[in-house]
Amino acid sequence: MQPSTHREEITIGILALQGAFVEHQAMLQKLSLKQRIHIVQVRTPEDLTKCDSLIIPGGESTTIALLARLAGLLGPLRDFVKVKPVWGTCAGAILLAQAAEGTKKGGQELLGGMSVTVMRNGFGSQVESFEAPLEVEGLRDSDRPFHGVFIRAPVVLSLDPSPSDPAIEIVSRISTALLPYNQTTLLPDEDVRDPRDPSTIVAVRQGRHLLTTFHPELTKDDRFHEYFIQRCVLPSLS
Amino acid sequence: MSTPVSSGRSASPVPQGAGNHTGTPLLAPTRSSTGKDGASSNLGTFGVKSGLAQMLKGGVIMDVVNAEQARIAEEAGACAVMALERVPADIRATGGVARMSDPKMIKEIVDAVTIPVMAKVRIGHFVEAQIIQAIGIDYIDESEVLTPADEEHHINKHAFKVPFVCGARNLGEALRRISEGAAFIRTKGEAGTGNVVEAVRHQRAVQSEIRKASVMSEEELYAYAKDLQAPFHLLKETARIKRLPVVNFAAGGVATPADAALMMQLGCDGVFVGSGIFHSGDPAKRARAIVQAVTHYNNPKILAEVSEDLGEAMVGLTITDDLKGGRLASRGW
């Protein structure tokens, strides 16, 4: 691979084992950037070798992890995360976390890569799924809120980088006033009122990786996809 | 470039948000009413209802009757489980009125797994639906597999925070259910038979009607909406995006990995498997093979590998007029 800073084409893989991968693809196809974006749906280790970066979509994290293992992708994905940019949305965010709580009995396999601990289905069941406007640092037109769609979303419990890890940047927090009123799963006796509480974190960037607990691919707003390419993918190619 | 959605817009009358094979923009309706600080969050919007169905795509939803089966399904890679007291094959065999399951049993299943849990209610039985919503289930199936409680009306599904999936045999039926608030459609097939023929018939009917609609002029669409007994605005949207405006799964008679891949190649977004798993010789192995078949449905080599040595499939029934338990697919209006 040539060390050019002006690559004309970038290849973005979308892990296509289960979940909402077509939505990410439709979003990427609409971006207008200088570079041509080539998209690969990743189902096998061979598919993965073609990619400069990867998006892990929403879906069921247990299903995606099992299918990855059965397809011989778990090892290649863990190696990929060590060297190339990856963005995880919702279930993808769980897979990118270094630790998860509320996992299935016997625990579940993660890829790791980000110094974040998450709680699966942290807001509760589907009746606690919600939509809310988000303020996001660093997006194009950042004055305009981004529409956050949270579906059985994971909740960030803590950021725990070790001194040798890349710094973590909090890209977006949700206002405590907008959290679903019923947080019984996470906090049986108290409301989150502290705006610095980790559970208000909904998007973080660490080094080349991006994690969002919500679904930018379910909106018509392509600013997060553009952000991933500008902030994570392009710097990694130079 | 897509046009960004502004907040404060009222919800679109057209349910949008199915995944889609044509690259048409996907829109989660933004229903942001103004609250304190000029913003508020919204629970149970059509966007999060159809959005959860989108997250299930490419996955297998398995019928289970207890916590132990639910765990087997989760370990085999199910993207959700359907909690019910008797699988359809047993409903056929034992007969009688089939109702909503005991909430205690459903709650045990919810506690046993981390994946979404669905439960069935009888067609038109909105109180069963209220009960299921109250125990925090993730999706309701208003299902023809249970004995209908109303032979004229379906549940007004817009009135619930929990999303609904409904069966359909053709495009008109699918669009009527969506207009009542269903955020997810499945074929009806013929449940409990282990025979995929009806699911194929229903999926082919829906696809063929969508293809016809997609080349019609607006005048023709008005007439076609009348023929199909479908709301015009939903038919028009379907014709524009060339697929159902919500996620569409196969259901009813899927028994093998090949059946599952067949339904995927016919354009389904995922698969429900009912009696086919726990009425087979080796449920865990068969369940896992069907999960892999749905992911790799276009890869015959992998399909061959996962189809090997699965033990006995469920005993299938031919679908004739003297089918034991009758034709369930004819229920629903």
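Contact here means heavy atoms within 4.5 Å. Helices (H or I, at least four residues) and strands (E, at least two) are DSSP runs, numbered from the N terminus. The model is predicted: local features need pLDDT of at least 70, side-chain atom pairs count only at pLDDT 80 or more, while totals for chains, interfaces and linings use all residues. Residues are numbered from 1 along each chain as its sequence is written, chains are lettered from A and ligands numbered from 1 in the order in which they are written, and side-chain values use heavy atoms, with hydrogens and water left out.

I start with helix packing in chain B. Helix α8(B), residues 218–228, and helix α9(B), residues 232–241, have axes that come within 9 Å and cross at roughly 120 degrees. Axes are lines fitted to C-alpha atoms, for helices over the stretch in contact, and angles run from 0 to 180 degrees between N-to-C directions. The angle therefore makes α8(B) oblique to α9(B); under 35 degrees counts as roughly parallel, over 145 as roughly antiparallel, 65 to 115 as roughly perpendicular and the rest as oblique. The crossing of α8(B) and α9(B) is right-handed, that is, the near helix is turned clockwise from the far one by less than a right angle, anticlockwise being left-handed.

On the α8(B) side the residues are B:Glu218, B:Leu221, B:Tyr222, B:Tyr224, B:Ala225 and B:Leu228, and they meet B:Phe232, B:Leu235, B:Lys236 and B:Ala239 of α9(B). By class, this contact has eight nonpolar, no polar and two charged residues. Ala, Val, Leu, Ile, Met, Phe, Trp, Tyr, Cys and Pro count as nonpolar, Asp, Glu, Lys and Arg as charged, and the others, Gly among them, as polar.

Helix α9(B) also packs on α6(B), residues 171–179, at about 115 degrees with the axes 10 Å apart. This crossing of α6(B) and α9(B) is right-handed too. B:Leu171, B:Leu175, B:Ile178 and B:Ser179 of α6(B) touch B:Leu234, B:Leu235 and B:Thr238 of α9(B). Five of these residues are nonpolar, two polar and none charged.

Next, a contact between the chains. Helix α3(A), residues 61–70, packs with α12(B), residues 283–295, at about 85 degrees, the axes being 11 Å apart. That angle makes the two, α3(A) and α12(B), roughly perpendicular. A:Leu66, A:Leu67 and A:Leu70 meet B:Arg288, B:Val291, B:Gln292 and B:Thr295.

Now the annotated positions. From an unreviewed entry, UniProt lists A:Gly59, A:Glu60, A:Ser61, A:Arg120, A:Ile151 and A:Arg152 as "binding site"; such annotations may be inferred rather than shown by experiment. They are spread over 94 residues of sequence but cluster in space, with a largest C-alpha distance of 13.1 Å. Is A:Arg120 buried or exposed? Its relative accessibility is 3%, so A:Arg120 counts as buried, the term covering values under 20%, with exposed over 50% and partly exposed in between (1.4 Å probe, protein chains only). A:Arg120 lies in the loop between β6 (114–119) and β7 (130–136) of chain A. Leaving out residues up to four places away in sequence, its contacts include A:Glu60, A:Ser61 and B:Thr114.

In chain B, the UniProt "active site" feature, also from an unreviewed entry, is at B:Lys120. B:Lys120 sits in strand β4 of chain B, residues 117–122, and is buried at 8% relative accessibility. Beyond four places in sequence, B:Lys120 touches residues including B:Met82, B:Asp141 and B:Ser143.
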